[in-house]
Amino acid sequence: MDSEELIRLEDIWVRYDSTAVLEGVNLSIRHDDFLGIIGPNGGGKTTLLKVILGLIKPSSGKVTVLSGTPQRNRRFIGYVAQSSLFDRDFPISVQDVVLMGRYGKVGLVKRFTRDDKKAALKALETVEMLDYKDKQIGRLSGGEQQRVLIARALVAEPKILLLDEPTTGVDMPMQTEFYELLAGLKHSMSIVLVSHDISAVSIYVDKIACLNHQLYYHGSKEVGPDVLEATYKCPVQMIAHGIPHRVLKEH
Amino acid sequence: MRNALAAGVLAAIACGIIGVYVVVKKIVFISGGIAHASFGGIGLGFLLGVNPVLVALFFSVTSALGMGLVSRRTRLPQDTVIGIFWAVGMALGIIFVGLSPGYAGDLFSYLFGNILLVPTSDLILMLVLDAVIAVVVFLLYKGFLAISFDEEFGVVVGVPVEALYLTLLCLIALTVVVLIRVVGVILVIAMLTIPAAVAKQFTYDLKKMMFLSTLTGIIFILCGLWLSYELDLASGATIVIVSGVLFLVSLGFRTLMTRGRPVAQPP
């Protein structure tokens, strides 16, 4: 059970002016983990991912990524940010979006090689988007765009995949397909998925943590109603459609 | 007249390449700031009795780096920083011109351009700046694309985002200087946006967009030049009006072309 530790957060505090977004968060992500982090909007989920990536410097606490600093080792992390961050109208093809993931391997001045292009096509094949490679990114539906962004994260062959609310703007049937895709990837890398949608996440992930400024991590996906109540500060029934244990245990 | 044609083509190349970044990265306002701040250099050139375009080059690059650094490294909102540089640069220019001895006769041509009066020495400067722009964009194409499309992802995969951004602003500063003689500091922004905006309607490949907007720029400038000659109007302003009108035409053309076809809606 005790496998290689990839990410370690020790007593992380993040404060903006006087309000604390993360309060003493401890987290350990190991090889082969498929962790779902759930919590309400504004609970610090995106901040947590950005701390892991070194995009936000914590006010206090220590972040270790692959036994180094996030800045040095984030190139081993595939990051899929919350959608809607980029301009849908941007003149760029799907293939060129994916190639951007290879930047770290290529460097500043060098051109992309045939190998880079091969890797991009392979990543597109993995997410079943190869047929769309020449389309403009903005022409795709939300679910298709999300797949392309995952391909962009996969193309650098990451050891860890971080996904921020990946199913926002994706319709239900596509969501199921999307989680099946992740389930297929979890054997080759550890995955951390952040979402406010507890029911969808809980079916596919192996472990769940709840984040609302503080992190409640249980190392197992059976989360009792007491933890959920502490996280969301509202009755559990409202979140898991009245039957929290059935939803969480049956799968 | 031959100088005018050469100046038109050189200007179109610079704004064709860099205008694409200005439009897709949505940095039109900061480009306007760089252009206006360069007027300080024009004024200082008059005062010192040296070529105003050379001093403008120094001013535009300095203000580009200044705006870029202040807006990235401090918590001041970027548009506030731009507004300050914009106005202070202009004000410096006016003070310098006021202090200059004699009457600054061709001041107007720096403000609104006069493509018919480009001396050969400025033509050589434009050629050099064009070459610098083309080489830098050729080398850093991939990086500029990364920071234009998704800066945050760029940081994660190791793109030197800030250095590239400042480099891009410097290239905008060079483009401004190339364009000063053609359309003047006040109208520069038209040539940095309109050709690229026209090209963007017909392709989603950034390289093709650069070629297309260069071509569009050449057409705009030559049409404007010819019209201003026929109708005896100010050349810089005529070029801008022609560009604006042709932009509307391309917009109408594009609408007709895509009618009945589903257009991707932003979610």
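**Exercise 1: Confidence**

Identify the elements of chain B with the lowest and the highest mean pLDDT.

Among the elements of chain B, the lowest mean pLDDT, 88, belongs to helix 6 (residues 107-112) of chain B, and the highest, 96, to helix 2 (residues 28-37) of chain B. Here pLDDT is the predictor's confidence in each residue, from 0 to 100, and helices are DSSP runs of H or I with at least four residues, strands runs of E with at least two, numbered from the N terminus. Chain B as a whole averages 92, and 97% of its residues score at least 70. For the complex, the predictor gives an ipTM of 0.85 and a pTM of 0.88.

This is a predicted model, in which local features need pLDDT of at least 70 and side-chain atom pairs count only at pLDDT 80 or more, while totals for chains, interfaces and linings use all residues. Residues are numbered from 1 along each chain as its sequence is written, with chains lettered from A and ligands numbered from 1 in the order in which they are written.

**Exercise 2: The contact**

Determine which helix of chain B gives the most to the side that touches chain A.

Step 1: the contact takes 26 residues from chain A and 24 residues from chain B (two residues are in contact if their C-beta atoms, placed from the backbone, lie within 7 Å).

Step 2: on the side of chain B, the elements that give two or more residues are helix 7 (120-149), helix 8 (151-156) and helix 10 (206-231) of chain B.

Step 3: helix 7 of chain B gives the most, with five residues.

**Exercise 3: Chain A**

State how many helices and strands chain A has.

Chain A has ten helices and nine strands.
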